[in-house]
Amino acid sequence: MTNVAKIVGIFVAAGLGLSACTGPERFEGQNSYEKTQKGALIGGLIGAVGGMITGTDAEDKRNRALKGAIIGGGAGAIIGNQLDKQEAELRNAMGNNNVLIQNTGDRLIVTLPQDILFAVDSTALRPDLMSDIGALAANLRSYPNTTVQVIGHTDNTGAANYNQSLSVGRATSVANALVGNGVSRSRIIATGRGEDQPVASNLTAEGRAQNRRVEIVILPNAVNG
């Protein structure tokens, strides 16, 4: 095994080790440095691979991989620390236990069940949920160096074309509400995935309810793409 491969292998193994202990059940009361560490590993791996790809020969690849790992790890740690802070502040601000906040180490994913946002077949946000949208918007304003993807999802009930249109309409409504609460529209990308990305079985009512959701993906600009 080459030295470069060993470097990448170390980062991959370490990343998998951290991933195994940072599932959704660990988000409450977890080690406050876990995601910072994971961000550093992600950044280091990206930097190492990038250096390996751009190197011209074995020696150059090794040197570039090491340099990329160091630089990328430092940048990843900064991003991970920012996400740790943003996650903690968002949890304190949100007053709805049905909202899921997931910190993957390189992004935050805020999942809003559509059943608490919209009436059946509607794209109009429920007025009583606007306080949650306002809290999310305030958090996004506090961390302006991020891009926000708003992604609508549905279950598979009804026609696929209708579900696609509904998911786009609902994502757009959430995006517009964030803009209305002071988030720059240039930061927001609203899309709909319809019924194509279920997170649970559509064979049960409980599963279909989980699939009807809007996800807000918060990406630090340094890791966009």
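The chain holds seven helices and five strands. Helices (H or I, at least four residues) and strands (E, at least two) are DSSP runs, numbered from the N terminus. From that end, the elements run α-α-α-β-β-α-α-β-α-β-α-β. This is a predicted model: local features need pLDDT of at least 70, side-chain atom pairs count only at pLDDT 80 or more, and totals for chains, interfaces and linings use all residues. Residues are numbered from 1 along each chain as its sequence is written, and side-chain values use heavy atoms, with hydrogens and water left out.

Of the 225 residues of the chain, 45% count as buried. Buried means under 20% relative accessible area, exposed over 50%, and partly exposed in between (1.4 Å probe, protein chains only). Contact means heavy atoms within 4.5 Å. Among contacts between residues at least 6 apart in sequence, 71% join residues at least 24 apart.

Now the interior. In soluble globular proteins, nonpolar side chains tend to be buried together. A nonpolar core is a set of buried Ala, Val, Leu, Ile, Met, Phe, Trp, Tyr and Cys residues joined through side-chain atoms within 4.5 Å. The largest one here has 31 residues. L117, V150, V174, L178 and I216 have the most contacts inside this core. At least two core residues come from each of α3 (58-93), β2 (108-113), α4 (114-117), α5 (130-142), β3 (146-153), α6 (160-180) and β5 (213-220).

Take L117. Leaving aside neighbours within four places in sequence, L117 touches L112, A124, L125, R126, L129, V174 and V214.

Next comes the loop between α4 and α5, where D121 sits. D121 has a positive phi of about 65 degrees, although it is not a glycine. D121 is exposed, with a relative accessible area of 52%.

Then α5 itself. This helix has 13 residues and reaches 18 Å from its first C-alpha to its last. That is close to the 18 Å expected at 1.5 Å a residue, where the expected span is 1.5 Å times one less than the number of residues. Its buried residues are D132, I133, G134, A135, L136, A137, N139 and L140.

How do α5 and α6 pack? Their angle is about 60 degrees, with the axes 9 Å apart. Axes are lines fitted to C-alpha atoms, for helices over the stretch in contact, and angles run from 0 to 180 degrees between N-to-C directions. From α5, M130, I133, L136, A137 and L140 meet V174, A177 and L178 in α6. By class, this contact has eight nonpolar, no polar and no charged residues. Ala, Val, Leu, Ile, Met, Phe, Trp, Tyr, Cys and Pro count as nonpolar, Asp, Glu, Lys and Arg as charged, and the others, Gly among them, as polar.
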